[in-house]
Amino acid sequence: MDYQAQDYQPYLQVDSDYYELDTTEKSDQEFTCSPPADWQNFYQGDWHCCLSPRPLAQQGWKIHLSVALRQEQGMLDLVSHYCFAHLSSFKVTRSRRAWLLKNAKYADRAASGKFITIYPEDEGEFVQTVIDLAALLKDFAPGPYILSDRRWQASPVYYRYGAFKEIVKEISGQKCYCLQAPDGSWQEDQRCPYYYQPDFVQEPAELVRDNFQVKGAEISKLTAYQIKEALHLSNGGGVYLAQKNGKNYVIKEGRPAAGLDGHGQDAFSRIQKEAGWLKKLANVPEVVDGKEDFQAWIHAYLVEDYVSGQTLGDYVAENYPFYPEKRAAYVAKSLQIAEKLCQAVAHVHAQGVAIGDLQADNVMITEDGEVKLIDFEAAAELAQPYDPGIMTAGFSDLALENYEQTDLYALYQSIRSIFLPISNRARASWPMQDLNLRQYFSKEVGDYLENLRQKLLPKCPLLGKENDYGQKEVWTGLNELRGNISRGIKADWQSPNLIKGDLPLLEDLDQRLTVDNGALGYGLLLARWGELAEKKKFLAWLKKQGAEKITAAGLFTGKAGLGGIVYELGDKAWGRQLIWSAQGNSADLSLRSGLAGIALAKIALAKEEGLAKIAELIKIGREIAAGYQKMQTAGLLTGQLGAILALWKLGKFLEEDSFKKEAKNGLDAWLEKDLVQVDQHVFLAEDGRRMPYLANGTAGLALVLAAIAQDEPKEDRYQKIIIQAAETLDSFCSYMGGLFTGYAGLMLLDLALGRKKALGEKIRLLNNYLLPKEEGTLVAASCGYRCSMDLAAGASGVLLLLEGIARNDASLWLPLVQTKNWRLF
């Protein structure tokens, strides 16, 4: 799952370096109901499920109920009593926190507003339940409008036809949730932010006949504009490019009861408040001009002048000199932009107003190089205590005292991001980052940032250096870095998670015993570097957690990886049993969780012990050869490249030329079709983005090419691309720092190729993503808002990389049995 910035918000606590929920929060409220004894009663994610003794249908008309904030328990009391009496199965959002998140600004638009879901037995019961509940709930205030459903009259009752049970099928080569048509065929259960009805059903005639559109405010002011396109869509509403009388405008939309911020304020209210702030700032030249605001139907709208140009974030993305060329021109222009941004903030503050959520995507750079501020939905008075309903992590901090400090802190972070556009913005990292910036750009950039910090410091004390541990004039060397990061990893042996991880570990219990996101990444580190006592302790912890019952088979997700780890921890019998019992299938051919990774685990064990189940390996190779071209992605860990690597290694191990030939043919076809070249650099393109990373980018591709070249030294067909890839990965920075999708992963190719000078440079630059602390050095997690100890994004992965550099082994990060007889890279 790709997590967005807003997903991290509940896990950002002031007093923690790691992602953690606030277990002391008093504002959360579990909603309660007590089903009869013969009902099934259980929790599933954010839902409390109550299933009646009647069998649940596979699909049908489902009813959704929306509710206003702070009326949830009252509605649940009435509806649960009705459902218990009528034996209607249902599920309800389990808590106030979950309800707020479900209706937040960047929540899923198709899921927003669904407080209770009811599953009627048949169409007749569906119609009657809709009518009954509308009458029962007539006194409740309107909740968020459910975009995916049809609303019943002016009630909080909505409905659509959909699946009651999650049935996954493959349609047009992609797995999706499905509905079954009367003829037995399968169709996708489309879950859209608009009403969709399958072509094989008809809405009941009684509902069609008696339904009516909710009346709202006059819409003529809105229809006076011609909407050209949606610039941005969120659960709070859209931002649209519009025209009137030949002139371009931007129209912002606010939905009532939806797009909730941390205080429960909806987008409708924020649009109205933003309109008021723009009127107060009408004479500030750097603030976008507001033209009018009004209500149309049930939504609020704000019309602003259209600003032609690009956001500050887009300016950096398009112009940043990741390579030495064009640095001087970028510095000159960027320093001008920085000064204009400082001036703009000063002019707004002169009116007694704070912007509230200043960050790179809320700043426009016009075509003539001027700065315009475009977002004031979080604005406040300067002296107002800082208690944000909306904030952008990394550009703000809950330790700030008032909104003036918030703007100054965000101003400094925004300007830092022009010169170092990475996820880690932690204050503890600034000294080492500044050292790197001075060397890469110039003394001028370093001096500018330090002078700006000193200038803002009297009004914003949080801009002071966090501690003295990182303030050095030289970079930390390899051995010292290894020791410092090792001291920073603190395992909690009483916790089922063992380590502090990233969001996958916090939100999915199945990730606890995985190598990439869970405790097994730390176990792999101990296997490579730990003391005997620690290894024994980890093995005992694994058995206490029920690892012997693990069913997943993958290299990073199950038996194949767990087997490699416990084998090296000392329990060779258990490790051997796990690896040989790992059985995948053709539905998943990936290196991370499927047949490719399982194959490599079995090859490594066979190379170490001199025994192999040849027939089984041949069968795996044939399955990979038959299916890898159907894989939807290209990357090393989850796409075609991982399958091609495994196919090549199977061919080499089994002396099966057909596997090797197919691997080369597949690789050549992929290079011909999908390799992206920009100047002298090469990229793997995923979803239209040029990615440099190990998991899904250039680094992963280059390792596959290097593995083939290592096995066949006379094969030079890939040498040019390998060299180009190495130069591509010689970037000053990447957005994140971790092993799978960050800067650490870019270093593996240098290690595989023996590029010692490049490794030395990158070890120095790796400090950009590290947080020196008294208790040890921490590693910024995937989005940089907090730290992690896991393998994919955190300290375990970085430490395994550094250990690999010390041992001259580019394969240590893989949970394969280590053997002198075979090396993957």
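A residue counts as buried when its relative accessible area is under 20%, as exposed when that area is over 50%, and as partly exposed in between. The structure described here is a predicted model.

## A buried threonine in a loop

Thr514 has a relative accessibility of 2%, and because this is under 20% the residue counts as buried. Thr514 is found in the loop that runs between helix H14 (503–507) and helix H15 (519–529). When its neighbours within four places in sequence are left aside, Thr514 is in contact with Ala519, Leu520, Gly521, Phe556 and Thr557.

## Domains 2 and 3

The domain assignment of the protein chain gives domain 1 (38–210), domain 2 (216–305) and domain 3 (324–464). The C-alpha centres of domain 2 and domain 3 lie 26 Å apart, and the contact takes 16 residues from domain 2 and 20 residues from domain 3. Between them, these two domains bury about 1,600 Å², of which 59% is on carbon and sulfur atoms.

Polar contact joins 10 residue pairs between domain 2 and domain 3, counting pairs with both residues at pLDDT 80 or more. Helix H7 (residues 267–280) gives the most to the side of domain 2 that touches domain 3, contributing 5 residues, and the residues of that side divide into 7 nonpolar, 2 polar and 7 charged. Across the interface of the two domains there is 1 salt bridge. The side chains of Glu377 and Arg270 meet in a salt bridge, with N to O at 3.0 Å.

Side chains of opposite charge can pair when their charged atoms come close. In this model the count comes to 44 salt bridges, and the table sets out some of them.

| Salt bridge | N to O distance |
|---|---|
| Asp571 and Lys543 | 3.6 Å |
| Lys664 and Glu712 | 3.3 Å |
| Asp730 and Lys762 | 2.6 Å |

Asp571 forms its salt bridge with Lys543, and the pair links distant parts of the chain, 28 residues apart, with Asp571 in the loop between helix H17 (559–569) and helix H18 (572–581) and Lys543 in helix H16 (residues 532–544). Lys543 is partly exposed, with a relative accessible area of 38%.

Lys664 and Glu712 meet through their side chains, and this pair links parts of the chain 48 residues apart, Lys664 being in helix H22 and Glu712 in the loop between H23 and H24. Lys664 is buried, with a relative accessible area of 13%, whereas Glu712 is partly exposed at 22%.

In the salt bridge between Asp730 and Lys762 the closest N and O atoms are 2.6 Å apart. Asp730 lies in the loop between H24 and H25 and Lys762 lies in helix H26, so the pair ties together parts that are 32 residues apart in sequence. Asp730 counts as partly exposed at 28% relative accessibility, whereas Lys762 is buried, with a relative accessible area of 2%. Salt bridges that share partners join Asp730, Asp750, Arg755 and Lys762 into one network.

Just after H25, Gly754 takes a positive phi of about 75°.

## Positive phi outside glycine

Asn245, a residue other than glycine, has a positive phi near 55°. Asn245 is found in the loop between strand S12 (237–244) and strand S13 (247–254), and at 79% relative accessibility Asn245 counts as exposed. Glu655 likewise has a positive phi, of about 55°, although it is not a glycine. Glu655 is found in the loop between helix H21 (640–654) and helix H22 (657–674), and at 70% relative accessibility Glu655 counts as exposed.

Note on methods
Residues numbered from 1 in each chain as written. Heavy atoms only, no water. Domains from an automatic or database assignment. Contact = heavy atoms within 4.5 Å. Buried area = accessible area lost by both parts, 1.4 Å probe. Salt bridge = Lys/Arg side-chain N within 4 Å of Asp/Glu carboxyl O. Polar contact = N/O pair within 3.5 Å; in protein donor to acceptor, adjacent residues only side chain to side chain. Helix = DSSP H or I, 4+ residues; strand = E, 2+ residues; numbered from the N terminus. Nonpolar A, V, L, I, M, F, W, Y, C, P; charged D, E, K, R; others polar. Buried < 20%, exposed > 50% of the residue type's maximum accessible area, 1.4 Å probe, protein only.
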